Amino acid sequence: MSCGEPHETDCSEVLDHLYEFLDREMPDGDCAKFEMHFDECSPCLEKYGLEQAVKKLVKRCCGHDDVPSDLRSKVMGRIELIRAGEAVPERELTAETADSPEARTPTTAQE
């Protein structure tokens, strides 16, 4: 993704390392570059806000030890597929892509 505007730090780099930024797992200098990018780029800021909200929701709802291990495994498996580019998040499916076989991963009757 790119907003089409020139930035010191490219949109694709910011989005590729978004979770490192969210988790504060990057050097302070890189965090500063990302913060500057978010100040300049509304699409990336929006994506950051969405991912931050999802992360908070997951922590609130699934941060307990009583989460069934099979549910945790399914969620983590889906996240890994999306990160690897092998699956499209459901919210990104459109009417045109919903029927294409490469747009979805196979689901089981249990899901």
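His-7 counts as buried, because its relative accessibility is 17%, under the 20% limit. The model is predicted. His-7 sits in the segment before helix 1, which spans residues 11-16. Its side chain makes a polar contact with the side chain of Glu-40, at 3.0 Å. Leaving aside residues up to four places away in sequence, His-7 touches His-37, Glu-40 and Cys-41.

Next come the aromatic rings. The count comes to 4 aromatic pairs. One of them is Phe-21 with Phe-34, whose ring centres lie 5.7 Å apart and whose planes meet at 25 degrees, so this pair is stacked. Phe-21 belongs to helix 2 (residues 18-22) and Phe-34 to helix 3 (residues 28-40), so the pair ties together parts that are 13 residues apart in sequence. Both Phe-21 and Phe-34 are buried. Ring pairs also link Phe-21, Phe-34, Phe-38 and Tyr-48 into a cluster.

The surface has a nonpolar patch. Leu-71, Val-75, Met-76 and Ile-79 form this patch, with about 300 Å² of accessible area together. Ile-79 is found in helix 5, residues 69-83. Is Ile-79 buried, partly exposed or exposed? Ile-79 counts as partly exposed, because its relative accessibility is 32%, between the limits of 20% and 50%.

The table sets out two residues by accessibility.

| Residue | Relative accessibility | Class |
|---|---|---|
| His-7 | 17% | buried |
| Ile-79 | 32% | partly exposed |

Definitions and conventions: Residues are numbered from 1 along each chain as its sequence is written. This is a predicted model: local features need pLDDT of at least 70, side-chain atom pairs count only at pLDDT 80 or more; totals for chains, interfaces and linings use all residues. Side-chain values use heavy atoms; hydrogens and water are left out. Patches are made of residues with over 30% relative accessible area and no salt bridge: like charges are joined within 9 Å, nonpolar side chains (Val, Leu, Ile, Met, Phe, Trp, Tyr) within 5 Å. Accessible areas come from the Shrake-Rupley method with a 1.4 Å probe; for residues, only the protein chains shown count as cover. A salt bridge is a side-chain nitrogen of Lys or Arg within 4 Å of a carboxyl oxygen of Asp or Glu. Helices (H or I, at least four residues) and strands (E, at least two) are DSSP runs, numbered from the N terminus. Buried means under 20% relative accessible area, exposed over 50%, partly exposed in between (1.4 Å probe, protein chains only). A polar contact is a pair of N or O atoms within 3.5 Å; within protein, one must be able to donate a hydrogen and the other to accept it, and residues adjacent in sequence count only if both atoms are side-chain atoms. Contact means heavy atoms within 4.5 Å. Rings of Phe, Tyr and Trp (its six-membered ring) pair if their centres lie within 6.5 Å; planes under 30 degrees apart count as stacked, over 60 as edge-to-face and the rest as tilted.
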